[in-house]
Amino acid sequence: MAGQKKTLLKVIILGDTEVGKTSLMQQFINGKFSQQYKATIGADFLPKDMIIDDKNITMQIWDTAGQERFQSLGVAFYRGSDCCVLVYDVTNLKSFENLTSWRDEFLIQANIKDPDNFPFIIIGNKIDLEEGKRLISTKKAQALSNSLGNLPYFETSAKESVNIDQAFEVVARCALKQEEIMEFNDDYTDAVNINVDDDNYNNCAC
Amino acid sequence: MKAPKTFPPGKGQVLYAKSKVYIHVTSNKNDNIPGYLTIVKPFPDSKNDELIISFIPELDLSIEDKTTLDYFDLYGLDGEKNDFYSNNKNDINGKNFPQIIRFIDRPRISSISSYAFGAVINQLYTIQVRPKKTSLWEGSIILHPKQENDKLPALFFHDDESLGTKREQKLKNQNFEPYSENQIGGNSLYWGGDRFISCLKNYATLTESTLETGMFLINCTQEDAMNFVPNILNNDQNKDDNSYDFNAEVNQVLTTAKWNLLTGLASITGFAKKQINNAIDNKILPQSLQKYVERSEVKKITDDFDSASVYLAKWALSVQEEAEKNRKMIIGNEYYKELISVELGDKFIELTPLEVSKAARRGKMNKEDWNKFFDSNGSLQFTIHEIIGQIFHSGLEEDIRKDAWLFLLGVFPWDTTVSEREQLKKSLENNYIEYKNSWKADLTKQENDAFWKDQKVRIYKDLKRTDRDVDFFKSSKGDDSDDDYDDDYDGSYWNEEDEFGNETLFHNKNLLVMRDILFSYNELNYNLGYVQGMCDLLAPLYCVLKDEAITFWAFSNFMERMERNFVRNLSGMKAQMVTLTELVQFMLPDLYVHLEKCDSSNLFFFFRMLLVWFKRELSFLETMDLWEIMWTDYYSSQFILFFALAILQKHSKIIMKTLKGFDGILRYINDLSGKLDVQDLLTRSELLFLKFKQMVELIDRTSAGTSFNSKQAGEPVKPISDELRTLLSKEIVIEKEETRTSETPFG
């Protein structure tokens, strides 16, 4: 039983309003794109089962509202995150400039203990739009990713499903790694908790 | 005897009256409240099941009405039938036969200030009759409304004081028929309530329960009959359901279970319920599951869900709904607070399917119903409480929303005439123009005000994505699925000087009006400004009202109460989440324990639901159905939390039985989107509210120092938190955004 325990990974998607966070999540989980998505309010959650290196994992992907004030719910929504995806729109300069503040805000709200090593991924979305509209070059984005600690960077189109699975596989791997580090730390610091967790798990397994 | 076509204004026609009927408030006879028991036809076209049975204390009556009722009491007029004394016409003290049509003020259904009460016949479930016996000096009746929480007091017939009853007894004795016309518990002597039962039988079918002497079901349905009059049960009754094997099977099981229950026990006990539950859990459902799963339509549905537990939960819910239709007594957890269970009954906290179906909501209010509430000047001729109550219980048909919402949203006060409202409308229109001009005519602001520009971007982005699937807001370009999703947005469109009124911006002129309303609201409430989610709140309003200025004020008023949801620090949302959590703890303790185990007790999945009042979980029209009920503040200004509670209550068994983790619970709740049955949930919300209120009152009473029996000793009484207590208030909770300064961040 214990060997089959699924690893639960929590991933948060952040970024300015209308950069395509919901579209990215929907494309990754349901393989669909719609023009009809409404502005996300509060936060949405969708699970996705994956197999990474023979490991069964369930990714909980949290889509958040773009408007800043809803981020102050942070503590409730961000706690226990294993990875954070920062999204901007390649045709919207402001959304790119805001990436750093999204990261900082997350680190504070989620109360990350080791901020330097917490995994972030940067995604530049909407590359399907015509070249003339694009305002942020790949080079510029890569430079930012590097400056923020060599973060993985992807350019995607949620509309045309470009690079989505690749990006999220990296997200999953980063999250898995983070989860293992956290578990290791927990094992060290609080041996009693393990038993409690195991008990809970056994009660719940059915 | 012909019924009159018109009634005097505000009056109803008396069909029955009995004097010296008492409520025994305490055991001290000095506290007794004397009054009249009446049956009144409220409107000329009221149907039999719309008649009002009411108790009117003597002190509440005008002299005129009292005379009318005494007259009815004494001469025993039996409504329109007038057959009781038809053989004794010449016997009425030599007077001319009295004119039959008499009117009194239309009785009120409820009253806060007095002991008066009334109930429409179709809202009554049963009537319990205790005839006068040698051991019972005074006969009594108790009316049981379908809403089980509306407990009405027993009415005692003081026969020796009632001139009418004394006269009737005398006449009966003269004819050597001293016995009761309605033989209840064997022959009994004629008494005051007897005539009431006979009279009521003219207007409603009374079926006596074979399980409890003196318990009459009023216009009972077949299901009621199966529950309470089992000897009329026959095997043909399930035939209608044969189209669906599963139904039939469940029906059969339930019927058998019910039989066992009813034949084995005089009253339904927790033990018996548990037995039924066990039977269903252990034997019946797995079999049904097999058949159920084999059905192709079920297979199709299941393809959409890859998680076994979610599938199982959905299946279980469908079973539950099926079972409820069959009025199954599913009884849940065994956790009762001793106090509640001793005082209010051991199944009090739960909503039995029976209870829910009894309390089912009325049909929506139509134009005709609505117009009845107003006189020719357009003044309300009923109390606000009455019309609010009706709206709360019925909801509104689409064509009266335009009128009714303006009252509900406080644009027009209820106590105005048509001409006053027209005047008011004019001044509101002028005021709106002012707010609109403060941005529209101010080009400096449009060009230089950073906050304004930021808000503009935000509003445009959201409007573009607001209810575009609703016809009213669809793109005039037609097939928009092929549109470039950013075709309006080239990174700079808001910097362009778009022509106001230029439809091409959203390809929909209604969205342009919404834009103007939101910009103007941004001026009106400068501190709050536009926040994501407000589009959702505005869309249904404008879609119904279709008048820019009026919608603006309706929206502003709606925002008065919703502002707390949008303030920067989200304190209003947090307060509601905490209150909801406490409410779940209080009302659904078992579920709460389970949620806690699953790390879901913060109920965060209700965040969005509460933020925009279920707008995203319901269809556009269902949203309207819900909101107008909420706007009445009939029971509580925070009734929306009871709606949330009702969702959990409805699904609590499934969640507890089949969902073991955070993951599954979230997913299950998420998947309820688009599948919420608003009417059923509103019924449950009301029942839950009434129970909540009763529990709070009970706890308040007992903690006020009154000694309570020893049974509660082991269970500490839970104090009622301030959060929970505010749920009993109808006052809107107002929380304002802090004053905006140059330091305040945008967004």
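Leaving aside its neighbours within four places in sequence, with which residues is Thr58(A) in contact?

Mentor: A word on conventions comes first. This is a predicted model, in which local features need pLDDT of at least 70 and side-chain atom pairs count only at pLDDT 80 or more, while totals for chains, interfaces and linings use all residues. Residues are numbered from 1 along each chain as its sequence is written, chains are lettered from A and ligands numbered from 1 in the order in which they are written, and side-chain values use heavy atoms, with hydrogens and water left out.

Thr58(A) lies in strand 3 of chain A, residues 55-64. Strands are DSSP runs of E with at least two residues, helices are runs of H or I with at least four, and both are numbered from the N terminus. Apart from neighbours within four places in sequence, Thr58(A) is in contact (heavy atoms within 4.5 Å) with Lys6(A), Thr7(A), Leu8(A), Leu9(A), Pro47(A), Lys48(A), Asp49(A) and, from chain B, Asp663(B). With Asp49(A), Thr58(A) also forms a side-chain polar contact of 2.8 Å. Such a contact is a pair of N or O atoms within 3.5 Å; within protein, one must be able to donate a hydrogen and the other to accept it, and residues adjacent in sequence count only if both atoms are side-chain atoms.

Thr58(A) counts as buried because its relative accessible area is 3%. Buried means under 20% relative accessible area, exposed over 50%, and partly exposed in between, with a 1.4 Å probe and protein chains only. Buried residues make up 53% of the 206 residues in chain A.

Of the contacts in chain A with a separation of 6 or more, 72% join residues 24 or more positions apart.

Lys126(A) sits between strand 5 (120-125) and helix 5 (138-147), and it is buried because its relative accessibility is 2%. Asn150(A), between helix 5 and strand 6 (153-155), is exposed because its relative accessibility is 60%.

Finally, the mean pLDDT of chain A, the predictor's confidence in each residue from 0 to 100, is 82, and 83% of the residues reach 70 or more. Over residues 187-206 of chain A, the pLDDT is below 50, and this stretch has six contacts in the model beyond near neighbours in sequence.
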